[in-house]
Amino acid sequence: MTAVASSASSQPVTGKGQKRRTRTGPPRPLLGLAGIIGFLLIWEALPRLGVVNPDFLPPASEVLVVFVQNLGLTAFWVAVGQTLISWGLGLAVATIAALALGLIIGSNNFLRKATHSTIEFLRPIPSVALIPLAVLIFGVDRGSALMLVIYASFWQVLIQVLYGVADVDTVANDTAKSYGLGAIARIRYVVWPTTLPYFMTGLRLAAAVALILAITAELIIGNPGLGHQIALAQSGAAVSAMYALILATGLLGVLINLAMRLVERRTLAWHSSIRGEAIV
């Protein structure tokens, strides 16, 4: 009996008697760094060994030199800023519209059933298929890029908000009604806490999609930004510069994803899923 008690007391616990999960193996940052180094080494070896033509895929070392040089150019940062403006404006408009409509539609059974077919019809339409329409309406101005970004990002947030509202406990909602809480109060105190984790997931997905569509619009339509610079480098046969700009877009996507995950952890610090990630 004593042996069992001493064995149980040696187990680290957290909260209400839960065992702390321990992570074995190398830390995640080291694994990520090892993956990046391995990718760069493979990239460096393929053209130098003649597996691929260096004219089409220069060694990683050449591309990284151009990438570092770009960091000192004003034109590069101007292009980054233009891409981020299209990304940020489109994401903000899409998020506000999707959140408002999601709460309204999700809170009303009639609206949810009446709009289900329409949403399922419009959601799968690729945003790039709207490029001719965007150019026809806005020309090559930023409005065309915003139209694509808003359309693609809107559905990511809307669907998640609808899922979140549908997951609200009916007993809690009925109890709030019985206590005389109005629609706004029920959304604030009952619906929103349940919907928030879904909303943050949709926002993180929408942030990535918005960047993809912003760069796509710059590539195809010619809006100013990193995508337009990639197209110019490709047309001018500056292959190393083209790959350096592609690396910049990838790094920008990683930074945006890290920022969104940080916001998600801060916002949902009270949620069980985030507390579970913090256990090491």
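Author: In helix α3, residues 60-70, the buried residues are Ala60, Val63, Val66, Phe67 and Asn70. Seen down the axis of α3, these residues fall within an arc of 125 degrees, so they line one face of the helix. The arc is taken from the directions that run from the helix axis to the C-beta atoms. Buried means under 20% relative accessible area, exposed means over 50%, and partly exposed is in between, with a 1.4 Å probe and protein chains only. Helices are DSSP runs of H or I with at least four residues, strands are DSSP runs of E with at least two, and both are numbered from the N terminus. An α-helix has 3.6 residues a turn, so residues three or four places apart point the same way.

The structure is a predicted model, in which local features need pLDDT of at least 70 and side-chain atom pairs count only at pLDDT 80 or more, while totals for chains, interfaces and linings use all residues. Residues are numbered from 1 along each chain as its sequence is written, and side-chain values use heavy atoms, with hydrogens and water left out.

The face of α3 turned away from the buried side carries the exposed residues Val68 and Gln69. On the buried side, the cover includes α2, α4 (74-106) and α11 (239-267). Two of these covering helices, α2 and α11, are followed below.

Helix α2 spans residues 28-48, and Leu30 is found in it. Together with Leu33, Ile37 and Leu41, Leu30 makes a nonpolar surface patch of about 390 Å². Patches are made of residues with over 30% relative accessible area and no salt bridge; like charges are joined within 9 Å, and nonpolar side chains (Val, Leu, Ile, Met, Phe, Trp, Tyr) within 5 Å. Accessible areas come from the Shrake-Rupley method with a 1.4 Å probe, and for residues only the protein chains shown count as cover.

Arg48 is also in α2. Its relative accessibility is 52%, so Arg48 counts as exposed. Arg48 touches Pro59 and Ser61, leaving aside residues up to four places away in sequence; contact here means heavy atoms within 4.5 Å. With the side chain of Ser61, the Arg48 side chain makes a polar contact at 3.3 Å. A polar contact is a pair of N or O atoms within 3.5 Å; within protein, one must be able to donate a hydrogen and the other to accept it, and residues adjacent in sequence count only if both atoms are side-chain atoms. Arg48 and Pro58 are ten residues apart in sequence and 8.6 Å apart in space, C-alpha to C-alpha.

Arg48 has a charged partner as well: its side chain meets that of Glu44 in a salt bridge (2.4 Å, N to O). A salt bridge is a side-chain nitrogen of Lys or Arg within 4 Å of a carboxyl oxygen of Asp or Glu. Side chains of opposite charge can pair when their charged atoms come close. Both residues lie in α2, four residues apart, about one turn of the helix. Glu44 is buried because its relative accessible area is 18%.

A search of the whole structure finds three salt bridges. One of them joins Glu264 and Arg204, the closest N and O atoms being 3.0 Å apart. This pair links distant parts of the chain, with Glu264 in helix α11 and Arg204 in helix α9 (residues 183-220), 60 residues apart. Both Glu264 and Arg204 are buried, and the relative accessible area of Glu264 is 9%. Not counting residues up to four places away in sequence, Glu264 touches Met200, Thr201 and Arg204. Arg123 and Glu120 also form a salt bridge, the closest N and O atoms being 2.9 Å apart. Arg123 is partly exposed at 35% relative accessible area, and Glu120 is partly exposed at 34%.

The loop between α10 (226-235) and α11 holds Ala237. Ala237 is not a glycine, although its phi is positive, at about 60 degrees. With a relative accessible area of 62%, Ala237 is exposed.

Buried residues make up 34% of its 280 residues. Of the contacts between residues at least 6 apart in sequence, 71% join residues at least 24 apart. The accessible surface comes to about 16,500 Å², and 68% of it belongs to carbon and sulfur atoms.
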